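Please walk through the sheet and the helix packing of this model, one question at a time.

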Amino acid sequence: MAINLYFVGTAGSGKTTLTKAFKDWMDRQGYNAVTINLDPGADDLPYMVDIDVRDWVYLPEVMSEHGLGPNGAQIVSADMVAMNAGELREVMDGYECDYFLIDTPGQMELFTFRESSREMLHTLGKRSLIAFLFDPIISKQPSGLVSLMTLAATTQFRFDVPYYPVLSKADVLTDDERKKVKKWAEDFWRLDTSLRERATTEIQVSIELIKSLQNMGLQKGLTPVSSQEMFGIEEIYTAVQDAFFGGEDLSAD
Ligand SMILES: Nc1nc2c(ncn2[C@@H]2O[C@H](COP(=O)(O)OP(=O)(O)OP(=O)(O)O)[C@@H](O)[C@H]2O)c(=O)[nH]1
Ligand SMILES: [Mg+2]
């Protein structure tokens with residue numbers, strides 16, 4: 001049975017581009033991947049979409065049919081997408097593949113925090129993993145990184161599936177910045193030290209949050225990934241194979 005690999009992250013964090021990069025990488029390896037667009041508001045997509053939620057729910061139509069603005073229509077669309085999950089699953093069943101690569105909507109709060117999305121994810125299949133994209137510009141500030149870690153942890157708990165944190169668009173950071181962010185994510189003591197360099201209320205909150213994340217075993221590191229320079233993709237693949245097949249490669253079948 002195929003794996004559902006979801007790309008989840010804040011608006012503009014690089015989900016769509018990574019879906020394409022991952023698909024290209026899998027094609028080159030000779031693995032069989034099918035792309036799914038779950039964003040009813042997506043415009044042009046850079047990859048060939050195999051299964052497109054816009055065939056069921058299309059944001060501009062929801063806006064005009066219900067007389068809604070873009071934000072209201074996003075909420076209605078999210079629930080409509082979830083209502084069509086059974087049909088989506090049937091279409092997925094028509095494919096023989098190793099991975100479904102699932103590009104999720106820009107407004108991640110609609111995907112993550114609506115009850116309907118949780119049901120949808122389970123309808124689409126239990127063998128799922130979330131690649132959580134950390135925006136590099138937010139992550140290079142210690143308190144920004146803590147906020148994203150908290151968001152990633154919330155996403156994991158809501159969906160109850162494994163997640164793999166990646167530092168997206170890592171090519172926009174300098175080598176030093178990339179190393180620093182990676183170290184913070186691997187070692188909360190360093191993160192705590194960097195946070196304490198500025199003593200504001202926000203920092204106090206961040207310090208408390210990292211204690212909780214650590215207590216919950218969520219010091220998971222962060223893998224730098226770039227769709228532009230094509231690094232880190234194989235690491236995501238390896239993490240998925242580790243999670244579901246004890247590290248065995250697909251080509252070993
Ligand atoms: N330098 C660099 N830019 C990237 C990379 N990945 C994506 N981008 C750029 O970041 C912007 C947003 O990328 P998308 O892939 O559309 O991000 P998204 O998360 O799908 O965006 P929404 O669906 O609107 O939330 C685009 O201008 C991309 O070209 C990367 O690895 N490196
Ligand atoms: Mg997108």
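**Sheet and helix packing**

Student: Which residue of E4 stands opposite Thr35?

Tutor: This is a predicted model, in which local features need pLDDT of at least 70, side-chain atom pairs count only at pLDDT 80 or more, and totals for chains, interfaces and linings use all residues. Residues are numbered from 1 along each chain as its sequence is written, and chains are lettered from A and ligands numbered from 1 in the order in which they are written. Strands (E, at least two residues) and helices (H or I, at least four) are DSSP runs numbered from the N terminus, and two strands pair if DSSP finds at least two bridges between them. Strand E2 (residues 33-37) pairs with E4 in the parallel sense over five bridges, and the residue opposite Thr35 is Leu101.

Student: In E4, what is the bridge partner of Leu5?

Tutor: Strand E1 (residues 3-9) is joined to E4 by five bridges in the parallel sense. The bridge partner of Leu5 in E4 is Leu101.

Student: How many residues of strand E4 are buried?

Tutor: A residue is buried if 20 or more other C-beta atoms, placed from the backbone, lie within 10 Å of its own; 12 or fewer make it exposed, and anything in between partly exposed. In a regular strand the side chains alternate between the two faces of the sheet. From E4, Tyr99, Leu101 and Asp103 point one way and Phe100 and Ile102 the other way, and all are buried. For strand E4 (residues 99-103) the count is five of five.

Student: Which strands are the edge strands?

Tutor: Seven strands form an open sheet with parallel pairing, in the order E3-E2-E4-E1-E5-E6-E7. An edge strand here pairs on one side only, which holds for strand E3 (51-52) and strand E7 (223-224).

Student: At what angle to E4 does helix H1 run?

Tutor: Angles run from 0 to 180 degrees between N-to-C directions, with axes fitted to C-alpha atoms, for helices over the stretch in contact. Helix H1 (residues 15-29) lies across E1, E2, E4 and E5, and its angle to E4 is about 160°.

Student: How is H2 oriented relative to H3?

Tutor: Helix H2 (residues 59-66) packs on helix H3 (residues 70-83) with axes 9 Å apart and an angle of about 105°. Angles under 35 degrees count as roughly parallel, over 145 as roughly antiparallel, 65 to 115 as roughly perpendicular and the rest as oblique. The orientation of H2 to H3 is therefore roughly perpendicular.

Definitions and conventions. Contact = placed C-beta atoms within 7 Å.
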